[in-house]
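Let's walk through this structure together, moving from single residues out to the whole chain. Keep the viewer open as you read.

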Amino acid sequence: MTAHVTGACIGCGLCPNLCPAVFTMTSEGVAAARDEIAPEYEAQVRQAAESCPVHAIGVDRT
């Protein structure tokens with residue numbers, strides 16, 4: 001699984017709060033995702049994507 005954060009991100013901080021192992025906040029104040037997501041974090045990543053208020057998280061199953 002991979003995830004990406006789009007330019008629609010408003011920097012609310014929800015995703016790193018839900019899954020800090022995958023999401024971080026950048027110096028620009030928006031979120032970023034790690035390239036590789038370990039299987040044990042997949043449920044948290046899906047929850048973050050579903051909870052994002054602006055739908056800025058894309059999830060790809062590989």
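R34 touches A3, A21 and V22, leaving aside residues up to four places away in sequence; a contact here means heavy atoms within 4.5 Å. You will find R34 in the loop between β3 (31–33) and α2. Helices (H or I, at least four residues) and strands (E, at least two) are DSSP runs, numbered from the N terminus. R34 and T24 are ten residues apart in sequence, with 8.3 Å between their C-alpha atoms.

A word on the ground rules: this is a predicted model, where local features need pLDDT of at least 70 and side-chain atom pairs count only at pLDDT 80 or more, while totals for chains, interfaces and linings use all residues. Residues are numbered from 1 along each chain as its sequence is written, and side-chain values use heavy atoms, with hydrogens and water left out.

T24 turns up again beside V30, a residue that also touches C9, G11 and M25 when residues up to four places away in sequence are not counted. V30 sits in the loop between β2 and β3. Its relative accessible area is 28%, so V30 is partly exposed; the scale calls a residue buried under 20% relative accessible area, exposed over 50%, and partly exposed in between (1.4 Å probe, protein chains only). From V30 to H4 the separation is 26 residues in sequence and 12 Å in space, C-alpha to C-alpha.

T6, in the loop between β1 and α1, is partly exposed because its relative accessible area is 33%. H55 belongs to the loop between α2 (42–51) and β4 (57–60). Why does H55 count as exposed? Its relative accessibility is 62%. H55 also has a phi near 55 degrees, a positive value in a residue other than glycine.

Now turn to α2, where V45, A48 and A49 are buried. They span an arc of only 100 degrees around the axis, so they lie on the same side of α2; the arc is that of the directions from the helix axis to the C-beta atoms. A43 and E50 are exposed on the other side of α2. What covers the buried residues of this helix? The cover includes β1 (2–5), α1 (14–18), β2 (23–25) and β4.

Stepping back, the protein has two helices and four strands, and from the N terminus on they run β-α-β-β-α-β. The radius of gyration, taken over C-alpha atoms, is 10 Å, close to the 11 Å that the globule rule gives for 62 residues, so the protein is as compact as a globular protein of that length. That rule is 2.2 Å times the number of residues to the power 0.38. Buried residues make up 29% of the 62 residues. Of the contacts with a separation of 6 or more, 59% come from residues 24 or more positions apart.

Finally, look inside. The largest cavity is lined by 16 residues, with C9, C12, C15, A31 and C52 nearest its centre. A cavity is a set of points, on a 1 Å grid over the protein atoms alone, where a 1.4 Å probe fits but cannot get out, and lining residues have an atom within 4 Å of a point.

Methods
1 Å grid on protein atoms, 1.4 Å probe; cavity = no way out; pocket = protein on both sides within 12 Å on 5 of 7 lines; lining within 4 Å.
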